[in-house]
Amino acid sequence: MLENIKVVLVNTSHTGNIGSAARAMKTMGLSQLVLVDPVSAPDGKSSALAAGAGDVLANAQTVGTLAEAVADCALVVGTSARSRTLPWPMLEPRECGLKMVQEGQHGPVALVFGRENNGLSNDELQQCHYHVCIPANPEYSSLNLAAAVQTLCYEVRMGYLGQESYPEPENEYPLSADLERFYVHLENTLSDADFIQKNHPGVVMTKLRRLVNRARPEAQELNILRGILSSVDKLTKKD
């Protein structure tokens with residue numbers, strides 16, 4: 001099951017942090033490392049700081065975008081160190097670890113970490129179902145990347161050790177790629193219906209993304225919503 005849990009590092013600046021993150025993962029039994037557009041590819045410094053986790057580093061997958069990294073995931077949780085203008089569904093670290101373990105039993109899930117200097121962008125955070133924030137000392141809450149990876153991977157392991165069996169899921173959730181296709185369809189339909197301006201959706205699409213993430217529709221429910229949009233498309237084309 002732990003092999004279904006991806007640790008995704010976005011646009012990492014320092015190669016040593018990649019190696020340190022790989023080491024943090026292996027100590028907790030995780031092995032699936034995905035690098036999204038790293039500033040530099042893993043190098044000798046990465047290998048040195050990975051220590052005994054060279055296998056995790058060697059098998060790391062590199063992709064160009066976060067969407068590619070999480071396309072096959074039914075659950076995506078992004079780390080966020082600061083509050084945002086538009087609040088998103090939040091998980092505590094312990095909740096996050098347990099949810100990763102429960103849903104990772106049945107398919108790929110992803111835990112996403114942002115850049116060392118400014119974390120994940122708003123667009124990247126909107127690709128996540130939930131956000132998680134480590135409740136560090138408010139007077140000095142700056143965690144380096146490897147420390148953040150270690151902390152949340154520890155919570156994943158605690159969730160793993162605390163669960164002896166996993167019931168079959170009652171609901172099948174859509175993959176991240178399916179959700180992204182739905183959002184594109186939704187925006188196009190709303191544009192054609194003149195509800196939003198094409199190429200200038202404003203905050204409407206952001207708020208709709210938050211609504212859908214909060215509701216977290218099942219795969220069949222998402223298909224129903226796509227069917228509704230298709231019916232609206234037919235009517236707008238007739239006009």
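This is a predicted model: local features need pLDDT of at least 70, side-chain atom pairs count only at pLDDT 80 or more; totals for chains, interfaces and linings use all residues.
Residues are numbered from 1 along each chain as its sequence is written, and side-chain values use heavy atoms, with hydrogens and water left out. Local features need pLDDT of at least 70 and side-chain atom pairs count only at pLDDT 80 or more, while totals for chains, interfaces and linings use all residues.

Helices and strands here are DSSP runs numbered from the N terminus (H or I of at least four residues for helices, E of at least two for strands). Helix 7 covers residues 145–161 and packs with helix 5, residues 93–104, at an angle of about 55°, the axes being 7 Å apart. Helix 5 is therefore oblique to helix 7. Axes are lines fitted to C-alpha atoms, for helices over the stretch in contact, and angles run from 0 to 180 degrees between N-to-C directions. Angles under 35 degrees count as roughly parallel, over 145 as roughly antiparallel, 65 to 115 as roughly perpendicular, and the rest as oblique. The crossing of these two, helix 5 and helix 7, is right-handed; a crossing has that hand if the near helix is turned clockwise from the far one by less than a right angle, and is left-handed if anticlockwise.

On the helix 5 side the residues that meet helix 7 are Pro93, Arg94, Gly97, Leu98, Met100 and Val101. Their partners in helix 7 are Leu152, Tyr154, Glu155, Val156, Gly159 and Tyr160, where contact means heavy atoms within 4.5 Å. The contact of helix 5 with helix 7 has eight nonpolar, two polar and two charged residues. In this scheme Ala, Val, Leu, Ile, Met, Phe, Trp, Tyr, Cys and Pro count as nonpolar, Asp, Glu, Lys and Arg as charged, and the others, Gly among them, as polar.

Helix 7 also packs with helix 1 (residues 15–27), at an angle of about 15° and with the axes 8 Å apart. That angle makes helix 1 roughly parallel to helix 7. Helix 1 passes helix 7 in a right-handed crossing. Asn17, Ser20, Ala21, Ala24, Met25 and Thr27 of helix 1 make the contact with Leu145, Ala146, Val149, Gln150 and Cys153 of helix 7. By class, the contact of helix 1 with helix 7 has seven nonpolar, four polar and no charged residues.

Leu179, Glu180, Phe182, Tyr183, Leu186, Glu187 and Leu190 in helix 8 meet Met205, Leu208, Arg209, Val212 and Asn213 in helix 9. The contact of helix 8 with helix 9 divides into eight nonpolar, one polar and three charged residues.

Rings of Phe, Tyr and Trp (its six-membered ring) pair if their centres lie within 6.5 Å; planes under 30 degrees apart count as stacked, over 60 as edge-to-face and the rest as tilted. By this rule there is one aromatic pair. Phenylalanine 182 and tyrosine 183 form this tilted pair, at 5.6 Å centre to centre and 55° between the planes. Both phenylalanine 182 and tyrosine 183 are buried (under 20% relative accessible area; exposed is over 50%, partly exposed in between, with a 1.4 Å probe and protein chains only).

Helix 8, residues 176–192, also holds serine 191 and serine 176. Serine 176 counts as buried at 4% relative accessibility. Leaving aside neighbours within four places in sequence, serine 176 is in contact with Val70, Ala71, Cys73, Val76 and Gln127. Serine 191 is likewise buried, at 8%. With residues up to four places away in sequence not counted, serine 191 touches Ile196, Gln197 and Lys198.

Arginine 226 belongs to helix 10 (residues 219–238). Arginine 226 touches Arg181, Phe182 and His185, with residues up to four places away in sequence not counted. Its relative accessibility of 28% makes arginine 226 partly exposed.

Two loop residues remain. Aspartate 37, in the loop between strand 2 (32–36) and helix 2 (44–50), has a positive phi near 45° without being a glycine. Alanine 51, in the loop between helix 2 and helix 3 (54–58), has a positive phi of about 55° and is not a glycine either. Aspartate 37 is partly exposed at 43% relative accessibility, and alanine 51 is partly exposed at 44%.
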